[in-house]
Amino acid sequence: MTFTLTLASGSEIRRHLLENAGLQIDVVRPRVDESALRHSLLAEQTPPRDIADTLAELKALRVSSKKPSALVLGCDQVLNLDGQLLSKPRSLEEARSQLLDMRGKRHDLLSAAVLCEAGKPVWRHVGVARMTTRTFSEDWLEGYLERNWPEIGESVGAYQLEAEGVRLFSRIEGDYFTVLGLPLLDLLSFLTLRGDLPT
Ligand SMILES: Nc1nc2c(ncn2[C@H]2C[C@H](O)[C@@H](COP(=O)(O)OP(=O)(O)OP(=O)(O)O)O2)c(=O)[nH]1
């Protein structure tokens with residue numbers, strides 16, 4: 001019987017990365033109010049890594065409780081800019097102001113993944129990537145926004161690294177997949193170790 005991973009995420013890129021790696025994926029979007037939980041965690045001064053981990057676990061548990069026999073993957077990515085957590089821009093204007101704030105600085109992307117089975121977490125990992133943004137011109141930024149909105153609205157940093165977003169950076173430290181939103185290599189290693197994937 002072919003191994004199927006249930007992905008508790010509406011993220012297109014996460015599904016693509018897993019399918020491109022040859023996994024059979026079943027998408028079940030969790031019904032969780034992420035922003036309410038994120039706000040309460042922030043109010044309690046929860047560290048960004050724990051916020052990403054908690055949200056990823058919540059999404060995985062929500063689906064796993066409905067599909068107890070499945071292996072369910074929940075994910076969450078947060079962007080930490082000098083201690084401020086940014087979210088996906090809701091408008092081109094928001095994307096512009098977010099990118100201007102990030103210009104010439106470093107920010108961290110924390111990509112959390114949690115696997116749940118029978119309503120219990122069985123694996124978790126938070127990948128961290130450190131992004132150094134170049135001091136791009138405002139003219140270039142206007143062109144970038146014009147060419148890439150609304151696609152970049154799906155990304156927490158208002159960029160798609162695999163597309164023109166790479167032009168925002170002078171340096172990236174960490175794993176490419178972690179930037180895109182999924183600590184893929186760590187996940188595949190665990191699934192292989194468990195025998196879900198062939199060695
Ligand atoms: N294509 C692409 N997507 C990116 C990149 N960086 C971040 N993202 C996406 C991955 C996630 O879909 C999104 C991070 O937001 P979330 O972790 O809240 O996930 P999202 O709301 O998309 O789906 P989910 O909460 O899992 O249902 O940003 C990138 O460089 N390229």
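Biologist: Which helix do the buried residues of α5 pack against?

Modeller: This is a predicted model, and in it helix α5 covers residues 138–148, where W140, L141, G143, Y144, L145 and N148 are buried. In an α-helix, residues three or four places apart point the same way, because there are 3.6 residues a turn. The buried residues of α5 pack against residues 92–102, which form helix α4.

Biologist: What is the average pLDDT of the protein chain?

Modeller: For the model as a whole, the scores are ipTM 0.98 and pTM 0.96. Within the protein chain, 100% of the residues score at least 70, and the average pLDDT is 96.

Biologist: How many residues does the largest nonpolar core have?

Modeller: One of the residues with the most contacts inside that core is L5, and L18, L73 and Y159 are listed with it. Leaving out residues up to four places away in sequence, L5 touches a set that includes L18, L23, I25, L71, L73, L115 and L187. Apart from this core lies another of 17 residues, with L41, L55, V78 and L85 among them. The largest nonpolar core itself has 43 residues.

Biologist: How many of the residues of strand β5 are buried?

Modeller: Strand β5 pairs in the antiparallel sense with strand β3, residues 71–81, over 10 bridges, and it also pairs in the antiparallel sense with strand β6, residues 120–133, over 12 bridges. The strand, which spans residues 106–117, is mostly covered, and the number of its 12 residues that are buried is 10.

Biologist: Which residue of β5 is the bridge partner of N80?

Modeller: The pairing to consider is that of β3 with β5, which runs in the antiparallel sense. In β5, the bridge partner of N80 is D108.

Biologist: Which residue takes a positive phi in the hairpin of β5 and β6?

Modeller: On the β6 side of the pairing, K120 stands opposite E117. The hairpin has 2 residues between the strands, and the one that takes a positive phi, near 50 degrees, is A118.

Biologist: Is R106 buried, partly exposed or exposed?

Modeller: R106 lies in strand β5, and, leaving aside neighbours within four places in sequence, R106 is in contact with L81, D82, R130, M131, T132 and E173. Although R106 and M131 are 25 residues apart along the chain, their C-alpha atoms are separated by 5.4 Å. Buried would require under 20% relative accessible area and exposed over 50%, so R106, at 45% relative accessibility, counts as partly exposed.

Biologist: Is R38 buried or exposed?

Modeller: R38 has its place in helix α2, residues 34–43, and, apart from neighbours within four places in sequence, R38 is in contact with I51, L55, D76 and S87. Its relative accessible area is 17%, and the cut-off for a buried residue is under 20%, so R38 is buried.

Biologist: Which residue has a side-chain N or O atom 2.7 Å from an oxygen atom of the ligand?

Modeller: There are 20 residues around the ligand, and those that come nearest are S9, K59, K88, L161 and E162. A polar backbone atom of E154 is 3.2 Å from an oxygen atom of the ligand, and a side-chain N or O atom of S11 is 2.8 Å from a ligand oxygen. The residue with a side-chain N or O atom at 2.7 Å is K88.

Definitions and conventions:
Residues are numbered from 1 along each chain as its sequence is written. This is a predicted model: local features need pLDDT of at least 70, side-chain atom pairs count only at pLDDT 80 or more; totals for chains, interfaces and linings use all residues. Side-chain values use heavy atoms; hydrogens and water are left out. A nonpolar core is a set of buried Ala, Val, Leu, Ile, Met, Phe, Trp, Tyr and Cys residues joined through side-chain atoms within 4.5 Å. Buried means under 20% relative accessible area, exposed over 50%, partly exposed in between (1.4 Å probe, protein chains only). Contact means heavy atoms within 4.5 Å. pLDDT is the predictor's confidence in each residue, from 0 to 100. Helices (H or I, at least four residues) and strands (E, at least two) are DSSP runs, numbered from the N terminus. Two strands pair if DSSP finds at least two bridges between them. A residue is near a molecule or strand if one of its heavy atoms lies within 4 Å of it. A polar contact is a pair of N or O atoms within 3.5 Å; within protein, one must be able to donate a hydrogen and the other to accept it, and residues adjacent in sequence count only if both atoms are side-chain atoms.
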